[in-house]
Every structure is written in structure tokens, then in C-alpha cells.
Amino acid sequence: MAAYNLQSAPLVPLKYIALFGTGAFIMRSAGCTINDMWDRNLDKAVGLTFNWGTMLGWAAVAGAVNWAVCLPLYAGGVCWTLVYDTVYAHQDKTDDVKVDIKSTALLFGDRTVPILSALSASSMSLVTYAGYLNGQGLPFYAGVGLAGLQLAKVLRKTEWDDRASCWNGFVKCGWVGIWIWAGAGLDYALSISGLL
């Protein structure tokens, strides 16, 4: 979004996508490994730390953080993280009870769908608001719209007491990010080409 805002040359976002993509892969891999080793102590911190990329990426591209855009984008990312993490946690909820691990799946219980619906709506609203503040174009909003439809589909189709269904829902939550990224990327490409 910073590259869009600054109308940076195409190599700028490509450089940072490669850099932050590699960093995210390494950190997520390390985080998952550590989380599996020390599950009780780290579960609450994992989702919040993975969304710091919104501020880091913007600062890397622009030299400073635009807090007006990055804070709603960060908050939207945290809401999305709570959604997919809860979908994932529903796979393990019977095991979590046995070993006394607190999870959002257990916390939300029978209220999972309405709570995750509210978090999904909040996530998409916050990302949309960040896009509005950044002056994004129609392709960005189309991507966010498709992401919102993907979340609705996941929440509607997931069987919360079936591990395979929860895993499938978790994997399909990844498409949320793909749709938003695709919309933002197309928006940026059309903008710097002068077609938008």
C-alpha cells in the first residue's frame, strides 16, 4: 500500500515483497516450531506479532509509518488472525481440554460462528478503511470483497466438530490474504501504468 501511495517504481515493491516474504516464511516457521514446543506460553502472543509487517513494510518503502493507514490495516490483520487461528484451534479442542490448554475454540464454544462473523466483518471493514485512507482504487476493493466472501464461505461450510473440515476451513482462510494481495497488486499495477 505504501508503494501505491508513493507511486514507487515496480522494483521497489518487488524487492520488499521478496525480502518480507522470506522473513515472514522464516519467522512463521520458527514461530510454529516454538509454539509447538512451548504451546501454553506463546499462543496468546503469536497472532499479534505476525501482523507487525504492516508497519515494517510501510516504513521500509516510505521511510516512515503512515499510522492513519497502518493502524486500521494492522487491526484488520489481527481480526483475521483470530479468525483463522480459531478455525485451526477447533481441530485440537478435545485435546486442549485434556491437557488444559486455553484456546479461542474453547473460549468461543457454541458462539464461534457469530464471534468469528463479527471478527471477519471487522477485519474486512478495517482493511477497506485503510484502503480508503490510502486512496486505493476499485481493484483493491474488489480483492477485499472477494476476501470477505471467502471468509463467509469458510464460516458457513466448516463443521466445527470435524477435524478435517476445520483443517480445510483453515487452509481456505489463506485465500483471504491472496485475494487482498491480488486486488492491491492489480490496483498498483494499473495505477503506475496510468490505466487507473
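Student: Is Asp100 buried or exposed, or partly exposed?

Tutor: In this predicted model, Asp100 is partly exposed, with a relative accessible area of 46%.

Student: Which residue does the Asp100 side chain meet in a salt bridge?

Tutor: Lys102. The two side chains come to 2.7 Å, N to O.

Student: And Lys102, buried or exposed?

Tutor: Lys102 counts as exposed, at 60% relative accessibility.

Student: How many salt bridges does the structure hold?

Tutor: Four. One of them is the Asp100 and Lys102 pair. Arg163 also takes part, with Asp95 and with Asp92.

Student: What are the distances for Arg163?

Tutor: For Asp95, the closest N and O atoms are 2.9 Å apart. For Asp92, the N to O distance is 3.8 Å. The cut-off is within 4 Å, so the Asp92 pair still counts.

Student: Which residues end up in one network?

Tutor: Asp92, Asp95 and Arg163, joined by salt bridges that share partners.

Student: Where do those three sit?

Tutor: Arg163 is in helix 10, residues 163-193, and Asp92 is in the loop between helix 5 (67-89) and helix 6 (93-99). That pair links distant parts of the chain, 71 residues apart. Asp95 lies in helix 6, so its bridge to Arg163 ties together parts that are 68 residues apart in sequence.

Student: How accessible are they?

Tutor: Arg163 has a relative accessible area of 41% and is partly exposed. Asp95 counts as partly exposed at 31%, and Asp92 counts as partly exposed at 25%.

Student: Switching topic. How many residues has helix 8?

Tutor: Helix 8 has 23 residues, 112-134. From first C-alpha to last, helix 8 reaches 32 Å, close to the 33 Å expected at 1.5 Å a residue.

Student: Which residues of helix 8 are buried?

Tutor: Thr112, Leu116, Leu119, Ser120, Ser123, Met124, Val127, Ala130, Gly131 and Asn134.

Student: Why would residues three or four places apart point the same way?

Tutor: An α-helix has 3.6 residues a turn, so positions with that spacing point the same way. In helix 8, the buried residues include Leu116, Leu119, Ser123 and Val127.

Student: What covers the buried residues of helix 8?

Tutor: The cover includes helix 1 (2-6), helix 4 (53-62), helix 5, helix 7 (104-108), helix 9 (138-157) and helix 10. Helix 10 is also where Arg163 sits.

Student: What comes just after helix 8?

Tutor: Gly135, which takes a positive phi of about 75°.

Technical notes. Residues numbered from 1 in each chain as written. Predicted model: local features only at pLDDT ≥ 70, side-chain atom pairs only at ≥ 80, totals over all residues. Heavy atoms only, no water. Helix = DSSP H or I, 4+ residues; strand = E, 2+ residues; numbered from the N terminus. Buried < 20%, exposed > 50% of the residue type's maximum accessible area, 1.4 Å probe, protein only. Expected span 1.5 Å × (residues − 1). Contact = heavy atoms within 4.5 Å.
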